[in-house]
Amino acid sequence: MLRHRFQPGRLVAGLFLILAGVVYAGDAGGLWETPWFAVIPLVAGGLCLAGAVGVVAQAVRRRRGESGAAAPDEPRPDLPR
C-alpha cells in the first residue's frame, strides 16, 4: 500500500457526512422525526469546519517544513538538468 499524508480535513468532512446519513437513516427507520431542512446546517457546518481544519493542517505542515514539494527555485533531484 502506498503511504500518503494524513488529511484531517477530509476526515472531518467524512464524519459529518456520515452523521447526516445516520440522521436520515434514523428518520427513515422511524426512530425519530427529522425535518427536511435539518441536515443542511449539519452538512454546511461540517464542510466549513473541514475547510478550516484543512487550512490549519496545511499551515502546520508549512511551518514544520513537511510540505514535500520543492520550492520553485530549487531543482528537483529526480529530474535531469
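Predicted model: local features only at pLDDT ≥ 70, side-chain atom pairs only at ≥ 80, totals over all residues.
Local features need pLDDT of at least 70, side-chain atom pairs count only at pLDDT 80 or more, and totals for chains, interfaces and linings use all residues. Residues are numbered from 1 along each chain as its sequence is written, and side-chain values use heavy atoms, with hydrogens and water left out.

**Exercise 1.** State how many helices and strands the protein has, and what share of its residues is buried.

Solution. The protein has 2 helices and 0 strands; helices (H or I, at least four residues) and strands (E, at least two) are DSSP runs, numbered from the N terminus. Of its 81 residues, 16% are buried, where buried means under 20% relative accessible area, exposed over 50% and partly exposed in between (1.4 Å probe, protein chains only).

**Exercise 2.** Compare the span of helix H1 with the expected span.

Solution. H1 covers residues 8-28, which makes 21 residues. The expected span is 1.5 Å times one less than the number of residues, here 30 Å. From first to last C-alpha, H1 reaches 30 Å, close to that expectation.

**Exercise 3.** Locate the buried residues of H1 and find what they pack against.

Solution. The buried residues are Pro8, Gly9, Val12, Ala13, Ala20, Val23 and Gly26. They lie on the same side of H1 because they cover an arc of only 150° around the axis, taken from the directions from the helix axis to the C-beta atoms. Arg10, Ile18 and Ala28 are exposed on the other side of H1. The buried residues of H1 pack against helix H2 (39-64), with contact meaning heavy atoms within 4.5 Å.
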